[in-house]
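Subject: A structure for you to look at

Dear colleague,

My notes on what was found in it follow below.

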Amino acid sequence: LATAPAKVSKVTVNSPELKWTSVKGANGYELYYKLGGKWKKFAETKDNKGSLTRLLAGVKYNLAIRAYVDSDSGRVYSEYKTFTATTALRAPKVTATSPEAGKIKVKFNTILGADGYRIYYRLGNGKYKIFKNVAKSGEYTIQNLKGGEYTIAVRAFVNDGKTVKLGSFTTVKVKVASPDPTPNCPHD
């Protein structure tokens, strides 16, 4: 029995969706995952697709699939086809305030599995600018801004050394007062 070539077709926060090429003569397929220790069977299906559900977000899982044929003498299996999938990161909870003219304070929570966070901002409907990449959650201040309504976006990311995978983002709006153009001059 041939091994089923498989691939991850879509990855959500806690569920990689898998698709594979049908194996001629197979009665069905068994799907397995491993995180650390032993392989665990999570599904058996007659289709050429399946999902692993209720996983932790932002975690790399080892996955395996094998085809089977039911016969009078029992079940006959193909070899395992193994691969990996990393579940998507959750979107952080974000708050943004403008405690004084020309500044925005951005605060967000920790996301399990994140290697860091990317903070963006934009004025009105303009293009997003990256404020900075940071290693941990907390409170950060964006300064020297013009007055107007800003959109702040924050997303977590995972860096496996080869690629950076960005998680979902959360946006919040905040109004910023224009800084006084002449702060040291007396006013009439």
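Which residues does I104 touch, if those up to four places away in sequence are not counted? Please keep in mind while looking that this is a predicted model. I104 touches A96, T97 and S98, then Y140, T141, I142 and L145, and also Y150, I152, V174 and V176.

Taken as a whole, the protein has 0 helices and 15 strands, and buried residues make up 34% of its 188 residues. Of the contacts between residues at least 6 apart in sequence, 59% join residues that are at least 24 apart. The accessible surface comes to about 11,400 Å², and 48% of that surface belongs to carbon and sulfur atoms.

The aromatic rings deserve a slow look. A pair of aromatic rings is described by the distance of the centres and the angle of the planes. A search of the whole structure finds 9 aromatic pairs. In one of them, the ring centres of Y68 and Y77 are 6.5 Å apart and the planes stand at 65°, so this pair is edge-to-face, since planes over 60 degrees apart are counted that way. Y68 is buried, with a relative accessible area of 1%, whereas Y77, at 32% relative accessibility, counts as partly exposed. The rings of Y120 and Y128 have their centres 6.3 Å apart and their planes at 75°, so they too form an edge-to-face pair. Here Y120 counts as buried at 12% relative accessibility, while Y128 counts as partly exposed at 32%. Elsewhere, ring pairs link Y33, F42 and Y61 into a cluster.

Two arginines also meet aromatic rings. R75 lies over the face of Y68, at 3.6 Å from the ring centre, and the charged end of R118 sits over the ring of F157, 5.9 Å from its centre.

Is S137, which has a relative accessible area of 19%, buried or exposed? S137 counts as buried, because the cut-off for that word is under 20%. S137 lies in the loop between β12 (129-134) and β13, and its side chain makes a polar contact of 2.6 Å with the side chain of T110. Leaving aside neighbours within four places in sequence, S137 is in contact with F108, N109, T110 and Y117.

The other residue, A43, is found in strand β4 (residues 40-45). Apart from residues up to four places away in sequence, A43 touches Y29, E30 and L31. A43 and Y32 are 11 residues apart in sequence, and their C-alpha atoms are 7.1 Å apart in space.

Key. Residues are numbered from 1 along each chain as its sequence is written. This is a predicted model: local features need pLDDT of at least 70, side-chain atom pairs count only at pLDDT 80 or more; totals for chains, interfaces and linings use all residues. Side-chain values use heavy atoms; hydrogens and water are left out. Rings of Phe, Tyr and Trp (its six-membered ring) pair if their centres lie within 6.5 Å; planes under 30 degrees apart count as stacked, over 60 as edge-to-face and the rest as tilted. Buried means under 20% relative accessible area, exposed over 50%, partly exposed in between (1.4 Å probe, protein chains only). A charge sits over a ring if NZ of Lys or CZ of Arg is within 6 Å of the ring centre and within 35 degrees of the ring normal. Contact means heavy atoms within 4.5 Å. Helices (H or I, at least four residues) and strands (E, at least two) are DSSP runs, numbered from the N terminus. Accessible areas come from the Shrake-Rupley method with a 1.4 Å probe; for residues, only the protein chains shown count as cover. A polar contact is a pair of N or O atoms within 3.5 Å; within protein, one must be able to donate a hydrogen and the other to accept it, and residues adjacent in sequence count only if both atoms are side-chain atoms.
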